[in-house]
Amino acid sequence: MDLNPALQGNQVRVLVEEMDGGNYTCHLDTDGQYLNHTVILIQLDPDNRTVILEKKSPEDGYIHCSAHNYKGPFHCTWTKTQSRSNAAVLMVKAERNFENIPCEVDANGLGLHCQYANCPYKEEQHRISITIYIHSYSRLEVYTKAFYMRNIVTPAKLSNLRISDEKEFSWNYPDSWEKPCSFFGLQFQVKVVPNGHSCCSEEYIMYNTTDETKYKVNVRTKKYVFCVRAQDKHTSGPWSHWSQCMVNKHNVSC
């Protein structure tokens with residue numbers, strides 16, 4: 001049915017101040033017939049205060065990213081503050097040199113996996129850029145991070161750590177590490193700590209670095225913990241988690 005005169009839409013302007021965001025609805029008249037709604041989120045600008053995510057460290061900022069090799073897939077994580085545990089990710093964006101990188105937010109909303117097809121042998125010229133839009137109620141905050149793959153590649157824990165009768169420990173490169181190992185070389189940090197101490201202990205009996213996948217321990221004590229971890233020796237990137245063997249005289253547990 002044609003209406004005469006034709007109905008014309010109304011433009012409504014609403015000034016939203018401070019934290020008065022939320023769900024704004026429009027109704028036809030005083031009878032309250034619903035027409036539509038608009039969700040308005042507030043991003044404080046130029047105020048740089050953030051309250052939704054916790055800062056992980058001065059180096060990482062609010063977002064920590066890591067990868068086990070240079071092929072391209074990587075994972076980023078973040079931590080919500082206790083007072084904003086209800087916050088939800090609204091949108092994420094990842095790109096390198098104007099090329100979009102497909103990402104999927106983790107089910108718990110505390111990270112994302114990105115599938116980036118990278119050539120391991122190619123020298124990086126452009127950083128990867130991550131932008132995360134996250135909101136708590138009507139407050140919107142934007143977090144960004146930029147990095148090269150070489151800054152985040154962290155070897156997985158070393159596999160097949162073992163000891164011979166001559167007190168020589170040996171291990172293998174991680175299965176996920178790039179090959180050939182002669183091109184993607186690792187260096188290893190070895191440490192012997194007192195019995196009952198963790199590998200992160202600042203108290204140690206012996207400490208050294210080697211390029212070989214073996215190390216002979218020469219210490220007097222019969223009870224100790226042998227620790228080893230890996231790092232890309234060409235980029236001096238992040239260290240892997242420690243692998244360890246607990247030695248108690250003739251009993252060894254790796």
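Which pattern do the disulfides of the protein follow, with bonded cysteines counted along the chain? The pattern is 1-2, 3-4, 5-6, 7-8, and the count of disulfides comes to four. The structure described here is a predicted model.

**The disulfide of Cys65 and Cys76**

- Cys65 is joined to Cys76 by a disulfide, with an S to S distance of 2.0 Å.
- This link connects distant parts of the chain, since Cys65 belongs to strand 3 (residues 64-66) and Cys76 to strand 4 (residues 74-77), 11 residues apart.
- The disulfide of Cys65 and Cys76 is right-handed because the torsion about its S-S bond is about 105 degrees.
- Cys65 and Cys76 are both buried.

**The disulfide of Cys103 and Cys114**

- A further disulfide is formed by Cys103 and Cys114, again described by an S to S distance of 2.0 Å.
- The link of Cys103 and Cys114 is right-handed, with 105 degrees about the S-S bond.
- Cys103 has a relative accessibility of 26% and therefore counts as partly exposed.
- Cys114, in contrast, has a relative accessible area of 0% and is therefore buried.

**The disulfide of Cys245 and Cys254**

- The sulfur atoms of Cys245 and Cys254 lie 1.7 Å apart, and the two residues form a disulfide.
- A torsion of about 110 degrees about the S-S bond makes the disulfide of Cys245 and Cys254 right-handed.
- Cys245 is buried, at 0% relative accessibility, whereas Cys254 is exposed, with a relative accessible area of 52%.

**Further cysteines**

- Cys200 counts as exposed because its relative accessibility is 62%.
- Cys26 is partly exposed, with a relative accessible area of 34%.

**Aromatic rings**

- The model contains 10 aromatic pairs.
- One of them is formed by Phe169 and Phe226; their ring centres are 3.9 Å apart and their planes stand at 5 degrees, so the pair is stacked.
- The pair links distant parts of the chain, as Phe169 is in strand 12 (residues 168-172) and Phe226 is in strand 16 (residues 223-232), 57 residues apart.
- Phe169 counts as buried, at 0% relative accessibility, and the value of 0% for Phe226 places Phe226 in the buried class as well.
- Phe226 also forms an aromatic pair with Trp171; this pair is tilted, with 6.3 Å centre to centre and 35 degrees between the planes.
- Trp171 in strand 12 and Phe226 in strand 16 are 55 residues apart, and their pair likewise links distant parts of the chain.
- Trp171 and Phe226 are both buried.
- One aromatic cluster is formed by Phe169, Trp171, Tyr173, Phe188 and Phe226.
- Another ring, that of Tyr148, has Arg150 over its face, at 4.1 Å from the ring centre.

- Where does Asn69 lie? Asn69 is found in the loop between strand 3 and strand 4, the strands that hold Cys65 and Cys76 respectively.
- Is Asn69 buried or exposed? Its relative accessible area is 13%, and Asn69 is therefore buried, the limit for this class being under 20%.
- The side chain of Asn69 reaches the backbone nitrogen of Lys71 at 3.1 Å.
- A polar atom of the Asn69 side chain also lies 2.9 Å from the backbone oxygen of Ser176.
- Leaving aside neighbours within four places in sequence, Asn69 is in contact with Met149, Val153, Ser176 and Glu178.

Terms used:
Residues are numbered from 1 along each chain as its sequence is written. This is a predicted model: local features need pLDDT of at least 70, side-chain atom pairs count only at pLDDT 80 or more; totals for chains, interfaces and linings use all residues. Side-chain values use heavy atoms; hydrogens and water are left out. A disulfide is a pair of cysteine sulfur atoms within 2.5 Å. Helices (H or I, at least four residues) and strands (E, at least two) are DSSP runs, numbered from the N terminus. Buried means under 20% relative accessible area, exposed over 50%, partly exposed in between (1.4 Å probe, protein chains only). Rings of Phe, Tyr and Trp (its six-membered ring) pair if their centres lie within 6.5 Å; planes under 30 degrees apart count as stacked, over 60 as edge-to-face and the rest as tilted. A charge sits over a ring if NZ of Lys or CZ of Arg is within 6 Å of the ring centre and within 35 degrees of the ring normal. A polar contact is a pair of N or O atoms within 3.5 Å; within protein, one must be able to donate a hydrogen and the other to accept it, and residues adjacent in sequence count only if both atoms are side-chain atoms. Contact means heavy atoms within 4.5 Å.
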